[in-house]
Amino acid sequence: KFGINQAILSGDVMLIEVYERLARLEMEETLPLMRYFNTVAREVCEGQSMDMTFENQEEVSISAYLEMIRLKTAVLLGLSLRLGALYAGAPSGDHEHLYQYGVNVGISFQLQDDYLDIYGDPSQTGKELGGDIIRCKKTYLYLRAMDLLENEDKKEFIKLYSDRAMPSAEKVDRVKGVFDELYISHYCREAKEAFMGLAKSHLDVVQICQSSKSKLGGFTDKMMERTF
């Protein structure tokens, strides 16, 4: 709203405010808490850089994509849970399990985001249908299709997906047709459920009362079924 420069400056000020608030904590773990925060702040920048690099990179592996969304999105949720556990005085093993729970939920969240881009309801998501396809973004769906296609079919798909001149509605419809033929939605749901399963396995071993686990588990279930 106020321009890129003001946005960057506002972000800088907000980051300084975070350090101000962390410095006010009167606890022995303040320094390790700040170190965890710094690590994730750096990782988010790395993930964003990877995301921008992928836009102009011809070959991107699914493993590289998963690492990008881990850094760009998932570590934020992991950090939030780790810092909460640290501040509450939880055992160190619980810190790590809650962190891993958050990271795996975060990866699943992003996979669902990729899915909703083309299979969601725009009236619920609030986003343009096929926005990632229109912008030629290399999502999990695109990369899985690339893994399954061969020879001329693969070349034609690359040409289609990278076409910025084709009318948006036509491009989205044709790309979705390829996804449907390859059952890409199934692969995406399968991957999402795998990361959610891994998340729940970490939550299961955390030493907290069952009611607290149920609350976090309910959060996980909502993330699994979200349509927005």
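At 62% relative accessibility, Asn151 counts as exposed, where exposed means over 50% relative accessible area, buried under 20% and partly exposed in between, with a 1.4 Å probe and protein chains only. The model is a predicted one, in which local features need pLDDT of at least 70 and side-chain atom pairs count only at pLDDT 80 or more, while totals for chains, interfaces and linings use all residues. Residues are numbered from 1 along each chain as its sequence is written, and side-chain values use heavy atoms, with hydrogens and water left out.

Asn151 is located in helix H8; helices are DSSP runs of H or I with at least four residues, strands are runs of E with at least two, and both are numbered from the N terminus. The phi of Asn151 is positive, near 50 degrees, in a residue other than glycine. A positive phi of about 60 degrees is also found at Cys136, which is not a glycine. Most residues other than glycine have a negative phi. Cys136 sits in the loop between H6 and H7 and is buried, its relative accessible area being 11%.

Helix H2 covers residues 30–54, 25 residues in total, and spans 36 Å from its first C-alpha to its last, close to the expected 36 Å; the expected span is 1.5 Å times one less than the number of residues. Buried positions in H2 are Thr30, Leu33, Met34, Phe37, Val40, Glu43, Gly47, Asp51 and Phe54. An α-helix has 3.6 residues a turn, so residues three or four places apart point the same way. The buried residues of H2 pack against helix H1 (4–23), helix H3 (62–87) and helix H4 (92–119), contact being defined as heavy atoms within 4.5 Å.

Six aromatic pairs are present in the structure. Rings of Phe, Tyr and Trp (its six-membered ring) form a pair if their centres lie within 6.5 Å, and planes under 30 degrees apart count as stacked, over 60 as edge-to-face and the rest as tilted. The ring centres of Tyr19 and Phe37 are 5.5 Å apart and the planes lie at 85 degrees, so this pair is edge-to-face. Tyr19 belongs to helix H1 and Phe37 to helix H2, and the pair links distant parts of the chain, 18 residues apart. Tyr19 is partly exposed at 28% relative accessibility, whereas Phe37 is buried at 16%. For Tyr142 and Tyr161, the centres are 4.3 Å apart and the planes at 35 degrees, so the pair is tilted. This pair likewise links distant parts of the chain, with Tyr142 in helix H7 (residues 140–148) and Tyr161 in helix H8 (residues 151–161), 19 residues apart. Tyr142 is buried at a relative accessible area of 5%, and Tyr161 is buried at 3%. One aromatic cluster is formed by Tyr142, Phe157, Tyr161 and Phe179.

Pockets and cavities were located on a 1 Å grid over the protein atoms alone: a cavity is a set of points where a 1.4 Å probe fits but cannot get out, a pocket is an open set with protein on both sides within 12 Å along at least five of seven lines, and lining residues have an atom within 4 Å of a point. Grid points are joined across faces, edges and corners, and a volume is the space filled by probe spheres set on the points.

The largest pocket has a volume of about 410 Å³. Its lining comprises 28 residues, with Gln110, Asp113, Lys127, Asp132 and Arg135 nearest the centre. Two or more lining residues come from each of H2, H3, H4, helix H5 (122–125) and helix H6 (131–134). By class, this lining contains eight nonpolar, six polar and 14 charged residues; Ala, Val, Leu, Ile, Met, Phe, Trp, Tyr, Cys and Pro count as nonpolar, Asp, Glu, Lys and Arg as charged, and the others, Gly among them, as polar.

The second largest pocket holds about 170 Å³ of space. Residues lining the second largest pocket include Cys136, Tyr142 and Tyr161. Its lining divides into four nonpolar, three polar and four charged residues.

One cavity of 30 Å³ or more is found in the whole structure. The largest cavity has a volume of about 40 Å³ and is lined by Asp114, Asp117, Ile118, Asp132, Ile133, Thr139, Leu141, Tyr161 and Phe179. Five residues of the cavity lining are nonpolar, one is polar and three are charged.
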